[in-house]
Every structure is written in C-alpha cells, then in structure tokens.
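I opened this model with a notebook beside me and a few things to look up. Here are my entries, in the order I made them.

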Amino acid sequence: MQIKPRRSVLYMPGSNERALQKAKTLAADCYIFDLEDAVAPDAKQLARQQVCQAVKAGGYGERELIIRINSLDSEWGRDDLAAAMAVKPDAILVPKVSSAADLEAFKAVDCEIWAMMETPLAMLNAAEIAASPIVQTFVMGTNDLARETGASLENGRRAMVPWLMNCVAAARAFGLDIIDGVYNDFRHEPGLADECEQGVEFGMTGKTLIHPDQIGPCNEAFSPSESEVERAREIIAAFELPENRGKGAISLNGRMVELLHCEMAEKTVALAEAIAQRQG
Ligand code: COA
Ligand code: MG
C-alpha cells in the first residue's frame with residue numbers, strides 16, 4: 001500500500017521569494033505556492049513568474065508542490081492556469097469552487113486538481129463536488145467560510161463543525177483526501193495543537209498552515225503514535241495466524257477486532273512507514 005503523507009500543507013505567498021527558497025529546508029509534506037489571496041494585485045505577475053520558476057527548478061525533494069491559481073473569473077486566472085500547467089506541479093489548487101460545474105474547465109489538466117472548499121454553496125454541494133472525477137483533494141478554506149457566512153472560528157470552531165464533517169463525509173465517500181483549514185494565531189502553539197488534535201479527531205488527512213513554526217506540532221499530531229503503530233502491527237499479525245485465516249472477526253487482548261480494523265491497521269502502518277522513510 002502506497003500512502004503519501006499529507007500531514008502538513010504550508011501556504012506561502014508566491015510573491016515572497018525568500019519563503020519559496022526557505023521551503024526547501026522545511027519539513028512540511030506539501031507546499032501551496034499561492035497566487036491568489038496572499039498576493040496583492042500589483043504583485044500578481046511577479047508571483048506567477050517566481051512560483052513557476054521555483055516549481056520548474058525543483059529542489060524540494062519528495063514534498064508535493066501545489067500552485068493555487070486565481071479564480072478563472074478574475075483577470076489573472078487564465079494566465080495562471082496556463083503558466084502552472086507548463087511547469088507541471090503535483091497539483092493545481094482551484095479557489096472558491098462552489099459546484100461540480102466549476103471544475104469542468106480543469107478537465108484536460110494533467111496534474112491533480114485540488115478544490116478550495118470555502119463558499120456557502122460548496123458546503124451545500126460538497127457531495128457533488130467530491131463526486132467529480134476531476135478533483136482529488138479538498139482543502140478547507142475556513143477564513144473565507146467565516147467571512148461569507150458570518151459563522152465564527154472561535155470556541156473550538158463549534159459553528160463550523162457541521163460543515164467540516166459534511167465535507168469529510170463527502171471527501172471520503174469518493175476516496176478524496178481532505179486538508180483542514182488554517183489556524184491564524186500562529187504564535188500561539190497550544191491553540192494550534194488543540195486545533196490539530198481536533199482535525200485528527202474529525203478524520204482530516206492533514207492541516208493547512210501559514211507559518212514554519214506550525215509544521216512541527218502539525219506533523220506530530222497527524223502522525224500515528226508509536227503505540228498506535230504497535231497495535232496496528234498486532235492486529236495485522238493476528239489476522240495472519242493460520243487459525244484466523246478467512247475469519248471476519250477475531251478476539252485480540254479481550255477486544256473484538258474485525259477485518260475492517262485490519263484494513264485500517266494496514267493504512268496506519270503504511271503511513272508510519274512513509275513518514276519514517278521521509279525522515280530517514
Ligand atoms: N512559508 C515559508 N517561509 C515562511 C512562511 C511561510 N508561510 N512564513 C514565514 N516564513 C519565513 C520568513 O521568511 C522568515 O524567514 P527568515 O528568518 O529566513 O527570513 C521566517 O519564516 C520567520 O518568519 P516570521 O518573521 O516569523 O514571520 P513574518 O512576520 O515574516 O510573516 C506571515 C508572517 C503571516 C505574513 C507569513 O508567515 C505568511 O506570509 N504566511 C503565509 C500567508 C499565506 O500564504 N496565506 C494564504 C493562505 S491562508
Ligand atoms: Mg480563500
């Protein structure tokens with residue numbers, strides 16, 4: 001089983017050349033080079049050039065490189081898309097997707113398409129968006145959602161929980177990864193740790209980040225712990241015993257374990273191994 005770790009997904013403004021270079025030395029699993037909201041209108045051209053140059057030149061090892069383009073409705077979107085396609089990033093991230101129809105323009109793109117889930121309509125259309133064969137990953141845009149709906153990000157994001165879980169269900173129903181929204185207060189590590197833990201609990205694949213200091217705690221939270229990996233290996237070993245072959249449910253250390261737990265265990269071990277490989 002091949003699993004790509006996507007625990008930590010760091011945004012950086014495409015206009016910030018220093019950040020693009022610094023990323024080569026950081027330990028995030030994925031980078032989003034942004035051409036959209038983190039870039040001021042008069043820096044759009046420069047950002048596009050710098051980002052495409054950085055992707056083309058490479059030097060980021062196994063980390064996945066994602067370019068977030070401007071909306072195709074904006075004056076920059078078409079040129080962003082053409083320039084991004086020419087340098088073949090791992091994915092193009094499409095902002096403000098509200099329906100499956102919004103993805104049609106990306107049908108012929110030959111890299112992954114990731115969708116920003118950040119409009120009220122996207123929350124209502126999450127299942128049809130996830131069902132589109134064009135999209136591979138959801139990225140939650142909680143800041144835009146808060147702005148457009150008036151719902152608050154405070155108090156453990158309780159107002160957002162129904163939407164976040166709706167998007168998790170939609171993504172998982174169609175085999176997509178789903179990356180949680182950012183935590184804005186980047187100097188406040190306990191708050192970040194809590195929100196990472198919440199993301200894990202919700203079933204998120206990983207979390208988007210805005211500052212290098214957030215990478216360590218995020219990787220930690222979204223990595224299976226040693227005891228989880230140990231337990232996963234026990235489950236796999238138990239199902240491999242001759243007496244358990246062909247069984248759907250067995251007893252292990254006084255608990256019922258089903259074949260579905262064995263499949264989950266295999267994923268846990270595959271993720272842990274991919275993470276170990278990356279660090280080693
Ligand atoms: N990616 C890569 N490197 C980053 C970074 C990022 N997102 N944010 C900061 N850095 C680098 C800085 O360049 C600096 O490097 P240096 O010490 O080698 O010069 C170092 O990390 C420390 O940065 P710091 O001074 O603590 O932060 P800042 O005040 O320069 O920047 C922000 C703060 C929030 C403006 C910046 O982190 C940022 O632009 N984040 C991303 C915003 C974004 O992309 N938003 C869009 C999606 S929500
Ligand atoms: Mg946004």
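Is E118 buried or exposed? I found E118 buried, with a relative accessible area of 1%. A reminder to myself before going on: this is a predicted model.

**Entry: the magnesium ion**

I looked up what holds ligand 2, the magnesium ion, and found E118 (OE) and D144 (OD) coordinating the ion at 2.0 to 2.2 Å. The two residues link distant parts of the chain, being 26 residues apart. E118 sits in the loop between β5 (112–117) and α4 (120–124), while D144 belongs to helix α6 (residues 142–149). I then checked the cover of the second one: D144 has 10% relative accessibility, and because buried means under 20%, D144 counts as buried.

**Entry: the loop between β5 and α4**

I stayed in that loop for T119, which is found there too. At 6% relative accessibility T119 counts as buried. What does the side chain of T119 reach? I traced the contact to the backbone nitrogen of A122, at 3.0 Å.

**Entry: ligand 1**

A nitrogen atom of ligand 1 has a backbone N or O atom of Y11 at 2.8 Å. For I210, too, I read 2.8 Å between a backbone N or O atom and a nitrogen atom of the ligand. R187 uses its side chain instead, with an N or O atom 3.1 Å from an oxygen atom of ligand 1. As for cover, ligand 1 has 900 Å² of accessible area on its own, and the protein covers 64% of that.

**Entry: cysteines**

How many disulfides does the model have? My count came to 0. I looked at C218 in particular: the nearest cysteine sulfur is that of C196, 4.3 Å away. C218 is buried, with a relative accessible area of 0%. I also looked up C262, which counts as buried at 8% relative accessibility.

**Entry: positive phi**

Most residues other than glycine have a negative phi, so I went looking for exceptions. K88 is one of them, with phi near 50°. R157 is another, with a positive phi of about 55°.

R157 has its place in helix α7 (residues 154–157) and counts as buried at 1% relative accessibility.

I turned to Q214, in the loop between β8 (206–209) and α10 (215–222). Q214 counts as buried at 1% relative accessibility.

N184 was my next stop, in the loop between β7 (177–180) and α9 (189–202). N184 is partly exposed, with a relative accessible area of 39%. I also took a distance from there: the C-alpha atoms of N184 and G156 are separated by 13 Å, and the two residues are 28 apart along the chain.

I ended with E36, whose place is in the loop between β2 (30–34) and α2 (44–57). At 4% relative accessibility, E36 counts as buried. How far apart are E36 and E240, and what is the separation of their C-alpha atoms? I noted 204 residues along the chain and 50 Å between the C-alpha atoms.

Terms used
Residues numbered from 1 in each chain as written. Chains lettered and ligands numbered in written order. Predicted model: local features only at pLDDT ≥ 70, side-chain atom pairs only at ≥ 80, totals over all residues. Heavy atoms only, no water. Polar contact = N/O pair within 3.5 Å; in protein donor to acceptor, adjacent residues only side chain to side chain. Areas by Shrake-Rupley, 256 points an atom, 1.4 Å probe, with all protein chains shown as cover. Donors = N, O, S within 2.8 Å, 3.2 Å for Na, K, Ca; no water. Helix = DSSP H or I, 4+ residues; strand = E, 2+ residues; numbered from the N terminus. Buried < 20%, exposed > 50% of the residue type's maximum accessible area, 1.4 Å probe, protein only. Disulfide = S-S within 2.5 Å.
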